[in-house]
Every structure is written in structure tokens, then in C-alpha cells.
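Hello,

Here is the structure for you to look at. My notes follow below it.

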Amino acid sequence: MTDMNATRSIRAYKGMTIRNMKVYSKDKISLLLSMLTQLIVLGLFLLFLKSNYIDVINENLGELKDKLSKRDVEAIVNSWLIAGVVGTSVVTAALNALSVMVHDKMDKIDYDYHAAAVKSSTVVLSYFTGATLCSFVTSSILLSAGFVFLAVNNCFMYTALEVIRIYGIVLLGSISATLVLMLFVSLFKKDSSFSAFGILISVAIGFVVGAYLPVGQFSENVQTVVNIVPGSQITGMLRNTLMQPALDNADKVLNGADNHEFVKGLNDLFALKLNIFGTSHGMSFMLLYSLAAITVFLVLNILAFRISSKKKG
């Protein structure tokens, strides 16, 4: 009997996860909103940011600017762009995929699940899995397009290990974003209030993760606030991994003529290390922070689920 119940729960979980993903993919407005931030980032990059940062990089080079080719400089700026686009995508795609939770409350679908004797834990898990997969797939598509963009612009190729690592960071970011946002989305019961929340997050996340403007340009207090957000840690890891080949090449071309100061300056400019309470943190800290955030918000979601279940009971 226990085996039959387990099999039934697994089938229900699989079916609801697929259903949630299909509902999200058919909602054109949610798909458009999930891409809003990325479109803003691309627009700002093409109109203002690219030329500005190329000028800043050339100024930092000073007399050595003739040593780096236009391709070398653009590789640095373009890889920063891709990190920002993908970093915002894991958040916005997860958020809009979770809109299914709100729609189901409005349409009383959750009551149908209860009437069908589907465990509440199975329903919650299906929402989480569906949103995580939607976020990962959407962000992976953008990342793949980014690799093509870098290749077309004659930027540097990545090793197989680096590519796997980057997609792994995207998966980690999708899990983290879904768990963090799910806790807040569970509070919404109306589509109007959720939509307002979604637009706010979609616009704000670009500033928080440094997609519009590198976080290193902010004051130390502001850097601390935005870098506490788990999404900043994920984008920081993406930025480090995507930009490193271009930075290593620049350092190699300069061949120590600048005493390696140029690359150090770019590390500060593009905030490859995140400043929290006046201390700079690298990749290892970002990874541990992201894993800790996943653990904390997993526990919080479980507690929230148990409290909600008791109220319904």
C-alpha cells in the first residue's frame, strides 16, 4: 500500500510539474515580463554602456592603449554584458514562472488538488521544480546565445570545463532564486498585486546585481546592501568566470608593462570581488554564500508550508 501511495505521489508530482511549465510557457505576458530586464540591459549596453566602458578602459591603459586591440577591449566589455543578462534572467524567469502559484489560488485550482487527495508537499514541490526548470532553461538559452554573440565578435573561446562550470552556476542560481522568491510569492493571492511586485523586482534586480552599472561604482554601504542579495553572488560568479579569459589575455598582452595594475583596476571597476561590510570576497565565498542561502530559504519555505498547512487544516 505504501509503495502504491509513493508511486501515485511521484506521478502526481511529475504531472503537475509538467503542467506548471506548460501553463507558464503559454502565458505570453509572463514570458515578456521575464525578458523585460534583459531587454533593458541590452538597450542600455548598446546605446550607452559599451562605448562608455571602452573609453574608461582605454583611459586606464593610458600610453599602453595601443597594445590592446579593439577585439581585446570589447571582449572584456561583452563578457560583462553576458554575465549581467544571464544573472538577471535566473531571477526574473523564476519569478514569472512562480506566477502559476498565484493564478492557481485565484482559479481555486489548489482546492481541486485538495479534493483529489494530492499531498500539499507534492503541490509545493511541483511549483518549485517547474519554476527552477523554467528559470534554468530560459537562462541557458540566453547564455548559449551569449556564447554565440561572443564567438561572432571574435571574443575568446571557453574550455569545456569552463562552459560546464558556467551552466552549473546558472542551475545553482535558478534553484536559489526560486527558493528565495517562492517564500514571497506564496503571500500573494491576487494577480494584480503580484504583477506590481513582479515589475518592481524585474526593474530593481538589474541594479542589485550590477547589470546596469557595476556595483563597484556604488558607495560601500550600498554595495553591502545589494551584495547581501543571493542573486548578486550568483551574478558575481558568472562575471568572474565569463570575464576571466578576456582579463587573462589582456594581462598576457601587456606582459607586465603596467605591473599588472590594469587588470587589478578592472577587477575593481567591474566588481569581480564583492564588497560586504568593507571586506572584499571572491569566488569561494560567493559559492558558500549561495549554498547557505539555498539552505536557509529551503528551511524557511518548509516552515512556511507547515504553517500554511495547519491553517488550512
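At what angle do helix α11 and helix α12 pack, and how far apart are their axes? Helix α11 (residues 230-254) and helix α12 (residues 261-269) pack at about 155 degrees, with axes 9 Å apart. That makes α11 roughly antiparallel to α12 (the term is for angles over 145 degrees). Axes here are lines fitted to C-alpha atoms, and angles run from 0 to 180 degrees between N-to-C directions.

A word on the source. This is a predicted model, in which local features need pLDDT of at least 70 and side-chain atom pairs count only at pLDDT 80 or more, while totals for chains, interfaces and linings use all residues. Residues are numbered from 1 along each chain, and side-chain values use heavy atoms, without hydrogens and water.

Back to α11 and α12. L247, A250, D251 and L254 of α11 make the contact (heavy atoms within 4.5 Å) with F262, V263, L266 and N267 of α12. By class, this contact has 6 nonpolar, 1 polar and 1 charged residues.

Now a second pair. Helix α4 (residues 70-97) and helix α9 (residues 191-208) cross at roughly 175 degrees, and their axes come within 10 Å. They are therefore roughly antiparallel to each other. From α4, T88, V91, T92 and L95 take part. They meet F194, F197, G198, I201, S202, I205 and G206 in α9. That contact divides into 6 nonpolar, 5 polar and no charged residues.

Last, one residue. A304 is in helix α13 (residues 283-312). The C-alpha atoms of A304 and W80 are 37 Å apart.

Best wishes

Definitions and conventions: Helix = DSSP H or I, 4+ residues; strand = E, 2+ residues; numbered from the N terminus. Parallel < 35°, antiparallel > 145°, perpendicular 65-115°, else oblique. Nonpolar A, V, L, I, M, F, W, Y, C, P; charged D, E, K, R; others polar.
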